[in-house]
Each structure stands twice: as C-alpha cells, then as structure tokens.
Amino acid sequence: MTAAPESTPDTSPQTGRPLPRKEDARLLTGRTRWTDNIEPPGTLHVAFLRSPMAHARIGNVDASRAREMPGVAAVFTGADVADEQGSLPCAWPVTEDMVTPAHPPMAVDEVRYAGEAVACVVARDPESAADALEEIDVDYEPLPAVLDLEEALADGADAVHADAGTNRAYVWPFSNGDVDAAFAGADVVVTRRYRQQRLIPAAMEPRSVVCQPEEGGYTMWSATQIPHVLRLMLATVTGIPEHDIRVVAPDVGGGFGSKLQVTAEEVLLLLLARRLGRPVKWTESRSEGFQTTHHGRAQIQDVSVAADADGRLRGLKVDLLADMGAYLMLVTPGVPLLGAFMYPGIYKMDAYSFTCTGVFTTTMPTDAYRGAGRPEATYAIERIMGELAEELGMDPVELRRRNWIGSGEFPYTTVAGLTYDTGDYEAATDRALDLFGYRELRAEQERRRKDGDTVQLGIGVSTYTEMCGIAPSRMLGELNYGAGGWEHASVRMLPSGKVEVVTGSSAHGQGHETAWSQIAADRLGVPVEDVRVLHGDTRVSPRGLDTYGSRSLVVGGSALVHACERVVGKARVMAAHMLEASEDDLEFEGGRFRVRGTERPAATIQEVALAVFAAHDLPEGAEPSLDSDAAYDPSDFSYPHGTHLCAVEVDTETGAVRIRGYTAVDDVGTVINPLIVEGQVHGGLAQGIGQALYEEAVHDADGTLVTATMADYLLPSAADLPGFTTDRTVTPSTTNPLGSKGVGEAGTIASTPAVVGAVVDALRPFGVRDVPMPCTPERVWRALQEARQARNGGEGR
Amino acid sequence: MPDIRVTVDGVRYDDQVEARRLLVHHLRRLGKVGTPVGCDTSNCGACTVLMDGASVKSCTVLAVQADGSRIDTVEGMASDGAWHPLQTAFHRRHALQCGYCTPGMLMAASDLLQDNPDPTEEEVREGLEGNLCRCTGYANIVAAVLDAAAEMRAAEMRTAGMHAEDLAAAEAPTERTPVGGGAA
C-alpha cells in the first residue's frame, strides 16, 4: 500500500465507512494495558475475606494470627476502618421517602449478602495475602436470609435492615389516562406474570484496582466505565479533595453496566493507600467477581393488557417487584424506572399505569446491566403482545401493525410521556420479514404441527424501541438522578496539522478511538489516521460523564461535532486573514478553505494550524490557538428501534431448543462505522439470547450463590449460538447533530422476547403459554408436561 | 522451591517457582502480561497458550509442569514484523471488541487450524467452544477464523507451487499486513 502524497491527503468521507478499528493493534498483539498489568514499584497486594453467609451478625474477628504471617504488611477489619470508610453512594433517590441504608464498604456489625467483605489482608504478593486470609477467624451469628420478593414484603417478614423496619425500599408510581375505563371497556384482557431472572453481567475482564499515593494525592487505575463519576464519588465518600485524586481507566475489558459502579474495593484501596503510603492492588478472581460485582434484572412483572376485539390496544397495567439486593448502589433503584417509560413500546394506547416496588433481599445488589430496565420492559410488552395475538387468533405481526405508531405520525408523544422523534416501524418490519422468510417459516410450522413432528418450529417477534443517549440533564433532574447527562469533548490542533481529540466518554471495547477519529476527520477535513483519540484518564480528559445507556456516540460524539465546529470557526477567521478575503466568502470543504467562486489558492486547515501556532501574523483580536472544547447536552433521548425475528426448533421429547434462524433489522439512525454497529448488535444478541436460554444466578435457601463460577453460570459459547442475519433501516434522529440513535443495548433489549416468544410459539399446540427463563431443556420439557397434564385433566373431567 | 526452565516466545527463562504457582501466573510474573486471566475454573480460555505446539489453558497447568517446555503466547504470534493471518483476519472482520478474550481466542484458533486447516463453520464453533467471548456474539470470530484458514491454505499452496516450479522465493509478494498497520 502506498501512502497518499503529502499534498493530497485522503479526506474522503469517513462517516458510514466500515473502517477496521484503530484499537485492534494493541489488543491483537498482547500489548494491551489492562489494570491487572499495572504494578507500580513497591506494590502491596490486597485480598478480601468475604462472608460465607448471606445474613449474619458479626461477632469477634480475630486477625492476630494473620498479622504474624510472612509477607503480611497489614490486616484491617471493618471495625478498623469504620471511622473513615463512609458509605457507598446511591446517586438516584427515586422518591423522597426512599429507604437508603448505610452501605459500609467493609461490613462492621452485620453482613447482608454472601461475599460481603469483612476484613482484608495487605501483603507482599497475592499468595501471601490469600494464605493470611485463612488465618482470620470470624464469629458469625446467623440471621435469616431474605430471598423471596413477595415474602419479603409480607407482614412480619424478616428484615434485611432491622433499623428500616421494612424491606420496601420505595414505591414509584406512574399513570397516564383513565386505566380503569380502558380496561372496563375492553373486549379482551390478558394478564401474565413474567419473571426476570437474576443475571451476572460477566465482562471478560475481572475487576481490578490499583491505587498509588503520589504527589500529595492519589492515582487510581480501575477497570471502570466511569472514571469521572468515580473520582467525584471517591472524593465525596472519603473526604479526599477531588483535585487530589486522579482516576485512570486504562484498557477496560468489557463492562455491560457492571463497571458502572463505585465499588467497595475502590473506596477501600484508596483508604489503604492513604494508611500505608504504598501502592496497593487488588484483582478479583472470577468466582469472587460473580459474588460481588453487581447483578442485573431480578424482577417480577405482573402485566395486563386490554384491547378491542379487532386488536386495538386500550390500556396497559404494569406492577413490578424489583430486587434491589442488600443495598442501594450507584443507580440500583433507578434501573427498573428506566423501563417504566418503555412498557408501551412502539404502540398507541389510551391509558397506562405502572408501579414499581423496590425490595431489599440478602443478596448482592442489582444495578445496571446492558439495557438496564429497558430489556425487562421490552420483554414484558413483546411477550404479552404475542399472548394477545394468540387470544385474538391474529398473526402477531398484524397485531403490531394495527397498534404501532405510523411512520407519518412522528414526532409522537407516547402514553408514557416520551416524544419519539423519528422511526419507521413498517420499513424495518417489512425488511425483517423478507430476510427471515416469515411466510415460508409459518408454512413449515403449520406442516410440522399437522404432521405431529416431534421437533416443532416456533417463531418469535420483537418490534422494540428503547430510549438511548442517556440523557437530557433536565429529564434526569426530573427523575431525581444525582447528575446530568451531558458529555464533553475537546479538539487540539497540533502545529503539524495532526489532531488530538479528547473525549469524556470512557471506552471499554466499543471502538471510540476509531469512530471519534472518523467524526473528527470528516468535520475537520483531515485524514483519519491523523487523529488520535484520548480518553479514560481524568488528568487527560478533565470533564466527562462516561459511558453507559448507549450514550457515547449520541452524546459524546455530538460534543465532538460541536468542538470541531468551533475549531473550524476559529480557523475560518485565520484563513480569511491569510487569503485576504472576507470570512463570509470562504467555503470549507475537504479540509480546505477556498474563496467561493474563484480559482485562488486555498488554505488547508493544517496550514492554518501552523500559522496560528507561529502566531506571527494573526488577525486583530484572534488568540493563537485553534483548540476548542464543547460540552453537549442532548435536547431529548434518542429512540432506536427495530424488528427482530427468531425461529427455533424445539424437540418436544427432550426439551432441547435450537435457534434455527435469527434476523435483526435495526434502525439506529445515522451510522458512523457499520462494522462497529454490526458488532454491537451481534454481541447484544448473544447476551439477550443468553438470558432467554442459558443464564441465571441461583441462590440456595440460605442465600449462597450456587452459580458462582463459570462452570455453573452458563455463558453462551460459539457452539451455542447461531449466525445472525442483520440489516438496517435508517431514519436519522433529530435530537442530535449526528442523527445517531445509539446501538450498545439494542440487541440485548430486542432479542430475549424474540427467542422466548419463539419457544412458546413452538409449543402453542400443546397449550404452553410460558416457559420461565432461562428456557433450559428441563424447563421446556416441564412446561410441556404440565400443559399436557392440564389438558388431559381437563378432558377427564 | 523447584527450578524450572521454560522458553516463552523464543526467550529462555530459568526460575525458581512455588510448586503451586500456575503457568499463567508464572508467565505474567515474567512480564508476559499479554496473556490475561479470565476465570478460576478453566472455563473461559482467555489464558490459552501453546505448550510445545498444542493449546492449553495456562491456568490448568502448574508452572512446574511446563519445565522444559516451549510456550508460545499471543505476544510472539506476529513474526518478521508481520501479523499472523489470524490477527489480520480478526482485525478486518472486527472479531474483537474489548479484546480480553482475544489472546486466548487467537491461540486456540491457531491450534484448531493446525489440526484442521479447512474447517467448516460448525467445526470452528465446536473448536472454539472452550473460549468464551462476551462482546462479539462469535459471528465475526468464526468468520475471521474461516478467512484466516483460507488465507493460510492459499499461502501454503503458493509455497508448494513455488517449490515445485523452483521459483526464486525472494520475488514472491507477501500478503501479510505490517504490524500496527492495516487499518487504513
């Protein structure tokens, strides 16, 4: 490959180009900078002693033998740090009377979930620390485990937090329209209970934290999604001034929400570094992480839908029990409420009511996991639409057509109060039906049913939307969230014409370095390889609100657009001066300022950058810098949507499910890099399918997590998953300058109901109406037996 | 403590190690941190390396068991300044996102292709079953391995052809991507 000559840099449009990622080189060659690869000289290693009990009073803790072990620098119990450890933060008090129990990073008097830290050893190496843990004796006085959400709310239930006097964290209601009238006047009412099993996010990189005292302050490296939020929260919890803390998120190996947290270990390592004056390091083992990295989902959903005989939706009622776990962590209580606005999905209806009750249990707290509230909502509405279609004897796609917002009706304000800016549900659905071969598959299904084939075919439909680009600060404020939702970018034009882009959005596998380079290349007219993207270090990227909620491109990318516009604005003044023309007469294209309608020579942005750097001849009043910043706050959420169709074969003798085909047509607005977008969809599908078929965090009756290893918690492998058929339709978002809608969570949100819906659809002839997730062979088989027995019993009567 | 000698990516290391130390931890203490640890039950495969040419999960091998062995890790995969065809294919096909599983995935895939240079999609899926990825949904990984297999077979054919015709090998064009390049 020959490089383009210096005089004609390649400035062809980058937006929409499937550019392989810049990040890959270090990841493919083992030169990655994971937190666990960082070890400053003199580092001491930390290991935590964790409670084997879900709920117990802590009696005497004897660490005397551990302190005498070789290589041990220090041992601390919860009591040792009680005065300085503070309480882990919850940034989302969803109601004024929400119960927010104190959450000490290390338990002092009582443990409330198995895995909670009660002591820690600091030693010369990880082995010495692990050995010393064995020598700590803790007296536990067992207390009752609280695991069942409904039992937890009953009168006289054992309390997770005795002081609170209730296991009810909050009750959050929402309603719009006359729900009672809608249900009273309806021809059909369908009511279902769905269970969102507890999931373990399981990013491939375990959590890891290194904290080093230096220059009168502290540098913390952490495998986190949120270096900026973490810095602020560490300062708030410990009282160490914010400007004395630097947080670095080096290469981070996946997060999916699990690293959107301020963890006990992060706070404690900061305190240990302060106490000992030495760098300290901790990396979780996988089984430790499964117990103590926050979990997701864990809800019981009671859903009722009311409709006319022709299928027109009248109303929707949702009553939710949401498992908070033992404490409220960073956004624990808010997660189910992110779903509150999404239950109506893409459908028009007259009335909607929603209530969420947050419930404490003696388990690891739940918090954001890919989709955070929205997968649960989408699951419920898409599953119950399938049930309603069955009730009405109508094709499930036709039922959706009769109720969805038409492409001519945007912007449309839903019954949940959100205004969807753009979308085209018809286009996405038509394309998906085509690619999937819907009609042919239905015919095959009919045939197999008629033939009594032992392997039945089922088809699942999911026409989802989601609120992304979290979020408009004003709306977060209305929801009592503790922070805003803006994002920051800055652009530095170097004298040589190369560009540094700094983003506050912190990547952990998404490909920001590539996509941001593409945006900057287009907006500044520079070659994409001339752009370097910096992120994930509060010293390099001073402002930001980090990465979650499919917000990075929509919000962070938009901030970059604005910063680039400011650079070009400043460059225009200088270019006009250099070309002896009026600014108004200049056009800027492909990185060149040219006097409109003339053959006069142009000034490239690189020439302007050099001239501004030299600053020998600046226009009157101009500053010698093109560098610019922008902070961008979106005017509204963005609303990606799509149609996902899944075909499964279910062996009615064994209960085994095989995904025969999966088609996803997503509308994520304008696409910067289709390669990255497709990858996000694939990965999202894998996690949604994981919930549908494989994954579940299970506790025994004592509250011990029995799926605490990868041998027990089934993450789908390459052999478990099918290939995917994906395509896109595009209706650009109008709420941000890129027109993008966000894609990080789409696949996960859409796929779970498509897969479970397909499993149930396969078993309809036997009377099956639901299979609880995950739809393991045993559960499918049991559902089939129960339905058959119910039917036989009915016939016998 | 036992003395062991292992050759990692062509460099010999003589060390005393604790008998209980796992190979992956030994590698990482040697500074070979390109091989990460992903689990503690040998399920994830992130730590896969080649031991005397065969893939092993380096968390299931004690360092002392590797005494006298040759270990190849992802750090030594590129040679003569050029990426391995698997690395190139993973890049082109976007077969990695966070990249944490990638070192193990690459090593497992190279072992797979050694055993079966022309696998079907299903054989690739089965062959990589012991390596978990949480980001990609595997579709692009499978495609990349199939691409690399085709590329490696084609290169093999070219080499064989060259020998047959006794051509001057030095004239042959290279299809490999330079290290650190290939993006643009």
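Predicted model: local features only at pLDDT ≥ 70, side-chain atom pairs only at ≥ 80, totals over all residues.
A:Val759 is a handy spot to look around from. Leaving out residues up to four places away in sequence, A:Val759 touches A:Gly458, A:Val648, A:Val650, A:Val657, A:Val771, A:Cys775 and A:Val780.

Zooming in on one pair, strand S19 (residues 487-493) of chain A runs antiparallel to S25(A), joined by 5 bridges. Within S25(A), the residue opposite A:Glu487 is A:Tyr632.

### The five-stranded sheet

Elsewhere in chain A there is an open sheet of 5 strands, ordered S7-S15-S14-S13-S8, again with mixed pairing. Strands S7 (168-176) and S8 (188-199) of chain A are at the edges with a single partner strand each, so one side of each has no neighbour in the sheet. The twist from one strand to the next averages 10°.

What joins S8(A) to strand S13 (residues 296-307) of chain A? The answer is 11 bridges, with the two strands running antiparallel. One residue to look for here is A:Thr191, which stands opposite A:Ser304 in S13(A). Helix H11 (residues 374-392) of chain A packs on the sheet, where it touches S8, S13 and S14 (313-325) of chain A, and its direction makes about 145° with that of S8(A).

### Strand pairs side by side

Strand S2 (residues 56-62) of chain A has two antiparallel partners listed here: S4 (residues 110-111) of chain A and S6 (residues 137-142) of chain A. A:Ala56 takes part in both pairings, with A:Val111 as its bridge partner in S4(A) and A:Pro142 opposite it in S6(A). Here are the antiparallel pairs from this report:

| Strand pair | Bridges |
|---|---|
| S2(A) and S4(A) | 2 bridges |
| S2(A) and S6(A) | 5 bridges |
| S8(A) and S13(A) | 11 bridges |
| S19(A) and S25(A) | 5 bridges |

### A buried proline

Is A:Pro227 buried or exposed? It is buried, because 28 other C-beta atoms lie within 10 Å, and 20 or more is the cut-off for that label. A:Pro227 lies in helix H7 (residues 227-238) of chain A. Setting aside neighbours within four places in sequence, its contacts are A:Val247, A:Val248, A:Ala249, A:Ser506, A:Gly536, A:Asp537, A:Thr538 and A:Asp546. By contrast, A:Val146 is 81 residues away along the chain, and the two C-alpha atoms are separated by 34 Å.

Over to chain B, with 5 helices and 5 strands. From the N terminus on, these run β-β-α-β-β-β-α-α-α-α. Of the 184 residues in chain B, 51% are buried. Taking contacts in chain B between residues at least 6 apart in sequence, 62% join residues at least 24 apart.

At the boundary, 15 residues of domain 1 are in contact with 11 residues of domain 2. On the domain 1 side, strands S3 (48-51) and S4 (54-57) of chain B are the elements giving two or more residues, and S3(B) gives the most, with 3 residues. That side comes to 8 nonpolar, 7 polar and no charged residues.

### Where B meets A

Finally, the chains themselves: 48 residues of chain B are in contact with 47 residues of chain A. Helices H2 (85-92), H3 (102-115), H4 (121-127) and H5 (139-165) of chain B each supply at least two residues to the chain B side. By class, that side has 23 nonpolar, 17 polar and 8 charged residues.

Notes. Residues numbered from 1 in each chain as written. Chains lettered and ligands numbered in written order. Pairing = 2+ DSSP bridges. Helix = DSSP H or I, 4+ residues; strand = E, 2+ residues; numbered from the N terminus. Contact = placed C-beta atoms within 7 Å. Nonpolar A, V, L, I, M, F, W, Y, C, P; charged D, E, K, R; others polar. Buried ≥ 20, exposed ≤ 12 C-beta atoms within 10 Å, placed from the backbone. Axes fitted to C-alpha atoms, helices over the stretch in contact; angles between N-to-C directions.
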